[in-house]
Amino acid sequence: MSGDWQSMRASHADRERTADVLKAAYAEGRLDDAEHRRRLDLAMRARSYGELQRLVADLPAGPLPFPAGGARASYPDVPRYATQAMNPWAHYTPPAARPTDDLAKASVILAVISTFTCGLTAVPAIVTGHMALSRIRDSGDDGRGMAIVGLCVGYSAVIGTLLVILFGVGIFSSF
């Protein structure tokens, strides 16, 4: 793995942050109109962090969480070449994953096995699906899609079972 962060590929979000810094510099009068447009065009076509950093290096704020080339003073015991090779994401902590609602999981499971139980678990799948949607709305947990799938399959199983019953009654009533 390369330690050179300047060659790492930039994302759309990185380019947008750079555009925000350029917009702020333009609004503060640090860039004239032509320079702002030129740098903004280059930022939108940039492919690496290094290209983005060079566009805002002379501005007071930067789009990336690592020091500029001359910011060696914050790492007094580290040689200059090591500062540039440091991982800018070393202290990054990803956001915590939201838990998936247990009732949503139960709704999907009950709905799927309703095909093997001749629709007996379809009604519990519908009930748990509605309960899951209510809890998800209040708590903000994940699992809304699972609850909706459980509801759709559960309702389909109930309707299918009713159609089979009606079809069977219709056939036997003709005899």
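Start with a nonpolar patch on the surface: Ile-109, Val-112, Ile-113 and Phe-116. Together they have about 410 Å² of accessible area. Areas here come from the Shrake-Rupley method with a 1.4 Å probe, and for residues only the protein chains shown count as cover. A patch takes residues with over 30% relative accessible area and no salt bridge, with nonpolar side chains (Val, Leu, Ile, Met, Phe, Trp, Tyr) joined within 5 Å and like charges within 9 Å. A salt bridge means a Lys or Arg side-chain nitrogen within 4 Å of an Asp or Glu carboxyl oxygen.

This is a predicted model: local features need pLDDT of at least 70, side-chain atom pairs count only at pLDDT 80 or more, and totals for chains, interfaces and linings use all residues. Numbering runs from 1 along each chain as its sequence is written, and side-chain values use heavy atoms, without hydrogens and water.

Val-112 sits in helix H5. Helices are DSSP runs of H or I, at least four residues; strands are E, at least two; both are numbered from the N terminus. Val-112 is partly exposed, because its relative accessibility is 47%. The cut-offs: buried is under 20%, exposed over 50%, partly exposed in between, with a 1.4 Å probe and protein chains only.

Next, Cys-118, in the loop between H5 and helix H6 (122-139). Its phi is positive, about 55°, although it is not a glycine. Most residues other than glycine have a negative phi. Cys-118 is exposed, at 65%.

Now Asp-101. Buried or exposed? Buried, because its relative accessible area is 2%. Asp-101 lies in the loop between helix H4 (80-85) and helix H5 (102-113). Its side chain makes a polar contact with the side chain of Arg-135, at 3.0 Å. That term means N or O atoms within 3.5 Å; within protein, one must be able to donate a hydrogen and the other to accept it, and sequence-adjacent residues count only if both atoms are side-chain atoms.

On to the inside. The largest nonpolar core has 13 residues, including Leu-22, Leu-31 and Ala-43. A core is a set of buried Ala, Val, Leu, Ile, Met, Phe, Trp, Tyr and Cys residues joined through side-chain atoms within 4.5 Å. Helices H1 (12-27) and H3 (49-56) each give two or more residues to this core. H3 gives the most, with four. A second, separate core of five includes Leu-103 and Ile-136.

Overall: seven helices, zero strands. Of 175 residues, 28% count as buried.
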